[in-house]
Amino acid sequence: MVGSALVRMVEAVPESINFPTEEERILKFWLEKDCFQECLKQSKNRPRFTFYDGPPFATGLPHYGHILAGTIKDIVTRFAHQNGFHVDRRFGWDCHGLPVEYEIDKSLNIKGPEDVAKMGIAEYNKQCRSIVMRYANEWETSVRRMGRWIDFRNDYKTLYPWFMETVWWVFKQLYDTGLVYRGVKVMPFSTACNTPLSNFEAHQNYKDVQDPSVIVTFPLLEDETVSFIAWTTTPWTLPSNLALCVNPDFIYVKVKDNSSQKVYIMMEARLVALFKSDSEYTILDKFPGKTLEGKKYKPLFEYFIKCRETGAFSVVMDNYVRDDDGTGVVHQAPYFGADDFRVCAEYNIIQKDSTPICPVDSSGIFTAEVTHFAGQYVKDADKNIIKWLKENGRLVNSGSFKHSYPFCWRSDTPLIYKAVPSWFVRVEHMVEKLLDNNSKCYWVPEFVKEKRFGNWLRDARDWAISRNRYWGTPIPLWVSDDYEEVVCVGSMAELEELTGVKVSDLHRESIDGLTIPSRCGKGQLKRVSEVFDCWFESGSMPYAQVHYPFENRREFEDAFPADFIAEGIDQTRGWFYTLLVLSTALFGKPPFKNVIVNGLVLASDGQKMSKRKKNYPDPSLIVQSYGADALRLYLINSPVVRAENLRFKEEGVRDVLKDVFLPWYNAYRFLVQNVQRLQKEEAIEFLYNERTASVSDNIMDKWIQSFTQSLIQFFRDEMGAYRLYTVVPKLVKFVDMLTNWYVRTNRRRLKGESGTEDCMRALETLFSVLFSMCRLMAPFTPFITELMYQNLRHLIDPASVEEKDTGSIHYLMLPHVRESLIDKRIESAVTQMQSVIELGRVIRDRKTLPVKYPLKEVVVIHQDPEALRDIQSLQKYILE
């Protein structure tokens, strides 16, 4: 036994350490021994713990948000392995959609659909494919360098044909159960990317902006000396005005402007919008809003005058008109506002399924229909429209309005709201079921479940899943010209059967030309041109990553829902939401059991991190300077793990090194020095065996052992409840207890100054505590724990080890709680002692007495005699 330990002796520990260099050495060691795969091999017969990794885009480099979420995922999956589970960890990539297309459009100067038509979809998609994995190698390097163990060899990509095939299968399940429909809906629209966005995408990027505001007159047809006045912050929508809306229940007035002598109709409660004082106006008449219904007015422009036949240019009513802004008369441009669309459709001024009156193309340019402003970008046209209103006597006043407005999350340009024909998944009917499934999930922190996510679910709207784009999974619907006949295809085999053509890829260039013969005599059915919103693909990820149901049927069904997922708080309106919608629609149950939500990492000034502004330090440089462990511990020992935001500060990472790692490293070094001294001076071989180590009767040994076992108990319970935010501060405190209290008060014993036997007790105690600590900290700081373990393992009696393979600390299971060592009385006594010492230091500080200056006496006053007895029992440590 001793002989086997002497094969490789414990090595001397250098006085100084460069953590990043040591981490690089550990990475090499993991790579040579293929430790991660070995780990998976060792656990393959254990119960499974399922984890889903949300796929990032590889069109940019990982930022602190990715690093934080990746660290949380790594900690929880490492802990699950340590706790006796087998954890498959597959990396995935989001390959389709706007991020990729936007890069290509920029580099090839593509302005709109005509440019893509010119180059051809095949060439365009080829360009997209070429940059999809542009940063894949950098991602892999960065993720590995952060110490995260995840499987890149067996990854999934949303562009793999088998992944896309499952997405088709998911869609067909929805289609066959009547959950898919085609409709026109006013949606947030990105003019830079030429496509509508879903509501949750529009909520990702709000900015405070200053928009022009105008109050405009609409003269009554029956008496043109009297005008309705309406306020708007989107003058560019005025050419498309089809109605005015009032609130039936509020009081409106006919009012004369005393200075201009003009007569207006507006809401009484909103007179403040036009007049500063009562003396500026005279009220001529008062009436409820409902009396105005049906009144006709003179249109601003004549572009859409033929709509008068369906009731346009008259007053409609709805309760959405409020009394806290504007004039109480709201201009209706039904194809540029959701409420406008709903109200005008209720009044039959427009038909939901007819072609929208929309003089704005997909790039946000006015079409020739609107002769005065044709060719102008809508936001640029605002000033020309205001000029026209002034020249034609229709402007009452103009100003500016500061408010929060959605911008495109990809191009960072302002969105417009625009009616677009789209394919939708019905969600509104399943809100109760979504809430019920959400109630079955365990969220950390809890408040996100009820508040942010719950509120979002309560207001869930039907989901627009189609995008008028090219690089994505095509929507598998083949239709007749009149859309009366629709065939939904759910697999490659079905497509081959219906078209007679075998395909190996499902992108647009491979299938757009395929037709399906009509069964109703309507000639050939052609595929609709749209592709899926890439959120539909990531929401399908649990099924598509295993090519369900075409393969792995049993494995998937046994492991669904997932045990665990984790992402940033912004995903409450993204991935968490789409996962829940699809799993509820497909299987009637939630897609995950446990979810950790982290806050956002901001620049040190509290602003969003921006590559353009360069307002944050490059993560790779931080890792080079301080190491990945320090960055990991800094991020997870912060409010960000409680879903609050973190202002990133480089000095915070530096402090982790100074306050946690260096003291811990020095305690480890001190242990090894004294074990080597024992071997050299007294020829005593130190080999630790937990089962045969004798129990020390030294009170500080008993205290640190008890403290350690209590911590192991706490660690197991809290990690089991996914509460990283309670665990990490306790682990950091543990380092302080070990280094500043145990080692400091027992230095002489550890050096052998109180006899060999007492020295052995102290060394065994210190060894067992350091070893336990390394195992607890291993998921959090995988490098430093491996570094210490690779040396300390030579001091462990092989006969005492349960695991077959002890080659890496990450193969070891969690330490069991040794309840016999827990003594709450001693823990409490030492806490009292620490308080006395801390208070003594505070008084020294106040009196400016140096720490080394001896005192005549210390008087301790306490109302509890038991506390005084505890303090008395530790008197010698206080005196020291």
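Where does P445 lie? P445 is found in the loop between β15 (442-444) and α14 (446-458). The model described here is predicted.

**Backbone features**

The bond between V444 and P445 is a cis peptide bond, and its omega is about -5°. A cis bond also leads from Y548 to P549, again with omega near -5°. P549 sits in the loop between α18 (541-544) and α19 (553-558). Another backbone feature concerns A643, a residue other than glycine whose phi is positive, near 65°. A643 belongs to the loop between α22 (628-636) and β26 (646-647). For background, most residues other than glycine have a negative phi, and most peptide bonds are trans.

| Feature | Residues | Angle |
|---|---|---|
| cis peptide bond | V444 and P445 | omega about -5° |
| cis peptide bond | Y548 to P549 | omega near -5° |
| positive phi | A643 | phi near 65° |

**Helix packing**

α22, the helix on one side of the A643 loop, packs against helix α23 (residues 650-682). Their axes cross at roughly 100° and come within 8 Å. Angles of 65 to 115 degrees count as roughly perpendicular, so α22 is roughly perpendicular to α23. On the α22 side the contact is made by D629, A630, L631, L633 and Y634. On the α23 side, G652, V653, V656, L657, V660 and F661 take part. By class, this contact of α22 with α23 has nine nonpolar residues, one polar and one charged.

A second pair of helices is α5 (98-108) and α7 (residues 121-132). The axes of α5 and α7 are 9 Å apart, and the packing angle is about 110°. α5 and α7 are therefore roughly perpendicular to each other as well. The crossing in which α5 passes α7 is right-handed. From α5, the residues V100, E101, E103, I104, D105 and L108 meet Y124, Q127, C128, I131 and V132 of α7. The contact of α5 with α7 divides into seven nonpolar, one polar and three charged residues.

**Cavities**

How many cavities of 30 Å³ or more does a search of the whole structure find? The search finds six.

The largest cavity holds about 80 Å³ of space. Its lining is made up of 13 residues, and those closest to the cavity centre are G97, L98, R467, D533 and C534. α5, described above for its packing with α7, supplies at least two residues of this lining, and β22 (531-532) also supplies at least two. The lining of the largest cavity comprises six nonpolar, two polar and five charged residues.

Which residues line the second largest cavity? The lining consists of C39, R78, H81, Q82, R89, W149, A778, P779, I809 and H810. Helix α4 (residues 64-82) gives the most to this lining, namely three residues. In the lining of the second largest cavity, five residues are nonpolar, three are polar and two are charged.

How values were computed
Residues numbered from 1 in each chain as written. Predicted model: local features only at pLDDT ≥ 70, side-chain atom pairs only at ≥ 80, totals over all residues. Heavy atoms only, no water. 1 Å grid on protein atoms, 1.4 Å probe; cavity = no way out; pocket = protein on both sides within 12 Å on 5 of 7 lines; lining within 4 Å. Points joined across faces, edges and corners; volume = space filled by probe spheres on them. Helix = DSSP H or I, 4+ residues; strand = E, 2+ residues; numbered from the N terminus. Nonpolar A, V, L, I, M, F, W, Y, C, P; charged D, E, K, R; others polar. Axes fitted to C-alpha atoms, helices over the stretch in contact; angles between N-to-C directions. Parallel < 35°, antiparallel > 145°, perpendicular 65-115°, else oblique. Left-handed = near helix turned anticlockwise from the far one by under 90°. Contact = heavy atoms within 4.5 Å.
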